[in-house]
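Here are my notes on this one, jotted down as I went through the coordinates. Have a look at the model first, then read on.

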Amino acid sequence: MVIVAIGGALIGLLTYNIIYLLVPWQPRATICWSLSFAIGIARQHSLHRTFTFTYPTPYWQSLGRAYIMYSGSALIGIVINFVLTSMFSVDHMIAWLVCLLVTASISCLFLKKKVFIQQG
């Protein structure tokens with residue numbers, strides 16, 4: 001699970017940086033965090049489904065649960081990112097890392113039990 005999470009985080013960093021290069025609007029860092037996080041939900045779901053969890057949960061059902069589960073951590077990440085970058089002028093890459101650590105911690109608590117539920 002940790003290896004998949006780290007691999008996904010590196011892909012997420014690349015995704016964030018590409019979006020950051022393309023988005024001109026303010027608050028830029030927070031918009032980019034939001035977009036890359038939304039994309040990252042599907043990516044991480046697929047990575048974990050392929051490499052981490054072997055439960056036969058139907059794909060679309062578990063993806064839907066992933067978006068529901070991640071929506072809470074997404075809101076937390078958006079608020080943290082906005083506060084760090086807009087109010088405290090923290091570099092957007094440091095804010096990205098802080099948000100990643102916070103949202104990943106939340107995900108570790110709920111991913112297996114709430115997204116990849118074994119069908120009985």
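1. Helix 2 and helix 3 run roughly antiparallel to each other, because their axes cross at roughly 150° and anything over 145 degrees counts as roughly antiparallel. Keep in mind throughout that this is a predicted model. The two axes come within 9 Å, helix 3 being residues 59-87. As for the hand, the crossing of helix 2 and helix 3 is right-handed. Sorted by class, the residues in the contact of helix 2 with helix 3 are 14 nonpolar, 10 polar and 1 charged.

2. The C-alpha trace spans about 50 × 20 × 20 Å along its principal axes. What about the radius of gyration of the chain? The value is 15 Å, which agrees with the figure near 14 Å that a compact globule of 120 residues would have.

3. Next, the largest pocket. Its volume is about 540 Å³, and 26 residues line it. If you want to find the pocket on screen, go to Ala 5, Ala 9, Gln 44, Leu 100 and Ala 104, the lining residues that lie nearest its centre.

4. Which helices supply at least two residues each to the lining of the largest pocket? They are helix 1 (2-22), helix 2 (28-51) and helix 4 (92-114). Helix 4 gives the largest share of that lining, with 9 residues. By class, the lining of the largest pocket comes to 17 nonpolar, 8 polar and 1 charged.

5. Two backbone spots in the loops deserve a look. Most peptide bonds are trans, and most residues other than glycine have a negative phi. Against that background, the peptide bond joining Gln 26 and Pro 27 is cis, with omega about -5°. Pro 27 sits in the loop between helix 1 and helix 2.

6. The other spot is Ser 89, a residue other than glycine with a positive phi, near 55°. You'll find Ser 89 in the loop between helix 3 and helix 4.

Notes: Residues are numbered from 1 along each chain as its sequence is written. This is a predicted model: local features need pLDDT of at least 70, side-chain atom pairs count only at pLDDT 80 or more; totals for chains, interfaces and linings use all residues. Side-chain values use heavy atoms; hydrogens and water are left out. On a 1 Å grid over the protein atoms alone, a cavity is a set of points where a 1.4 Å probe fits but cannot get out, and a pocket is an open set with protein on both sides within 12 Å along at least five of seven lines; lining residues have an atom within 4 Å of a point. Grid points are joined across faces, edges and corners, and a volume is the space filled by probe spheres set on the points. Helices (H or I, at least four residues) and strands (E, at least two) are DSSP runs, numbered from the N terminus. Ala, Val, Leu, Ile, Met, Phe, Trp, Tyr, Cys and Pro count as nonpolar, Asp, Glu, Lys and Arg as charged, and the others, Gly among them, as polar. Axes are lines fitted to C-alpha atoms, for helices over the stretch in contact, and angles run from 0 to 180 degrees between N-to-C directions. Angles under 35 degrees count as roughly parallel, over 145 as roughly antiparallel, 65 to 115 as roughly perpendicular and the rest as oblique. A crossing is left-handed if the near helix is turned anticlockwise from the far one by less than a right angle, and right-handed if clockwise. The radius of gyration is taken over C-alpha atoms; the globule rule is 2.2 Å times the number of residues to the power 0.38.
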